[in-house]
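Biologist: I'm new to this one. Could you show me the model and talk me through it?

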Amino acid sequence: MRGWLIPVVLLAAALALPFVVPTYYVQFASKALIMGMLAMALNLAVGHGGMVSLCHAAFFGLAGYVLALMAPGYDPASLLLTLPAAVLASAAAALVIGALALRTRGVYFIMVTLAFGEMLFFLFHDTGIAGGSDGAYVNAKPEIAIAGHQLLDLASPLAFYFVVLAFVVATVALLTMLVNAPFGHALAAARDNERRARSLGFPIFRVRLIAFVLSGALAGIAGYFAAAQFGFVAPQMLGWHLSATVLVMVLIGGLRSVTGPLIGALVLIVLEEVLKASTDYWKLVEGFIIILIVLALPGGVRQLWPLIVGERSDEAPQSRARSPVAEGRHG
Amino acid sequence: MDLVTFGVQLLNAIQYGMVLFLVASGLTLVFGILGVINLAHGAFYMLGAYLAYWIATYTGSFLLAMVLGVAIAFAVGLVLENVFIRRLYGRDHLVQVLLSFGLILVIDEVREILFGKDVHAVAPPAWLSGSIQLTDNLSYPVYRLAICGFCLIVAALIFFVITRTKIGMIVRAGAENREMTRVLGIKFDVVNRYVFAVGIALAALGGIVIAPISTVFPGMGDGMLILSFVVVVLGGIGSVAGAAVGALLIGLTDTFGKVFFPSVSSILIYVLMAAVLLWRPNGILGRREV
């Protein structure tokens, strides 16, 4: 039962957190959870599907823009209306981009997703939609109201935190189920040996496209809440620098796990916060840390775990020798 | 649109395509031969432009800036290959993407420490700063013509080296079959190092020649990186000829798109890319299989 213990303890800690720390940290935790959700969404494509996408920030930002465009002036938008619309927009974009990009493999796929992601960036940057390069404000946080009675108001940091936490837990549950279902096995088979999977009769293109669209839709949920939290959307939300940063989170957390990227996101966000507070040249330090992690720990920061705990594991040297995507399906 | 305006736009398109080719050919060479996808390529384009500004300001000579800028970029390329890039050979693309992303952060910050984050302008050399009078109210800057000529010479040089010299033969053999080339006793590690440095130098050269006609600003590398990727996807990875075709196609699409369809011009090159992906997923001159 040890496998259950850690998640339950972590969840309990997450539930108790807002009651013991000041509001600032509750907001910070919400932000980390949102980025964690984005990283988990991306990992469905990258880690489980072997599709290294550099356009997930576009799906993330697109959902945020949908909220900004649908929000009625200074009144709160309806969550039940705007969230599905935002997710639908992200999923539609992922469907079109995925259908085109999945005609290619490997490095081509990276380049094509990057280019299409930047197309959406320039769409919001160059044209006058929602303020162009200046971005647009989301003046009031979304709410759920029935016949004038407010049931849920995201303007309260506490309510916001719990809603985001609920979505994160749901995402973890969905992804865990998916990865262990026949669909997840087909996806992994296509990643590990495409030719063999194809000859076994798996509809590779369809499986990959479904995973990609789902991953884009989940990124959209994260983007919706990010826009709601910051009360502001700008084209930078769609830019590929964010996509690459989230890829770093995925790598830190480990490609083969569902919850790893969540931890990766937390690690990177805390690291950025500490660096920003301690040096003006934090990007320089962050760049070097990323390079170091990539070179030394291709299997993610989890590789350090046995070293810290002192547990002897025969898995670590193995995964070190192999490249992350070619790695087996353990963990 | 009369013939003269059309001619001017055509020249603009070709000039734009030529600079794109310089940068993209570096990217496609590095990928074709080293098998490394380098996201930091655009950062070196930006660095080249800043070096041009910096050296030209201190020495007053644009030509000197060009020579020194390319030399510095080449040296930086040698060092980077030795320290970081050679650890990426044969590694997963994800690792390459993230390492080069880390490099971008480092390069951006180094640029900010050395040159600041202001927007700059660079003057072209005096003897190229005039313009040719085409009609009463239309003229064309000499410097843009000089870029066309210069880029043509560089392109011819690249093609000559790759198709007609022994170095080119080794490079082509390496792109075809890395292990076999090594087995034949060719010091491929050294070839790799120089190819990477040349690729970086080409990106910087693109940034240097563009500096006098565009502004020098911190984000300029990002846009160029994306465009180079589109060029490579259009032309086919590893193919220098493909890069030339892709670059000219984008130059024409972008320039005439801005003239005829100004409202959607920024999307047009991506539409072009989507069309090529539907038609030939491996690029116009790419191999059938990757």
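Modeller: From the N terminus on, chain B runs α-α-α-α-β-β-α-α-α-α-α-α-α. Helices (H or I, at least four residues) and strands (E, at least two) are DSSP runs, numbered from the N terminus. It's a predicted model, so local features need pLDDT of at least 70 and side-chain atom pairs count only at pLDDT 80 or more, while totals for chains, interfaces and linings use all residues. Residues are numbered from 1 along each chain as its sequence is written, and chains are lettered from A and ligands numbered from 1 in the order in which they are written.

Biologist: Which helix gives the most to the side of chain B that touches chain A?

Modeller: Contact here means C-beta atoms, placed from the backbone, within 7 Å. On that basis, 34 residues of chain B meet 39 residues of chain A. Helices α4 (93-115), α9 (220-235) and α11 (265-279) of chain B each supply at least two residues of that side. The top giver, with 14 residues, is α4(B).

Biologist: At what angle do α3 and α9 of chain A pack?

Modeller: Axes are lines fitted to C-alpha atoms, for helices over the stretch in contact, and angles run from 0 to 180 degrees between N-to-C directions. Helix α3 (residues 56-70) and helix α9 (residues 204-230) of chain A have axes 7 Å apart, and the angle is about 50 degrees.

Conventions
Two residues are in contact if their C-beta atoms, placed from the backbone, lie within 7 Å.
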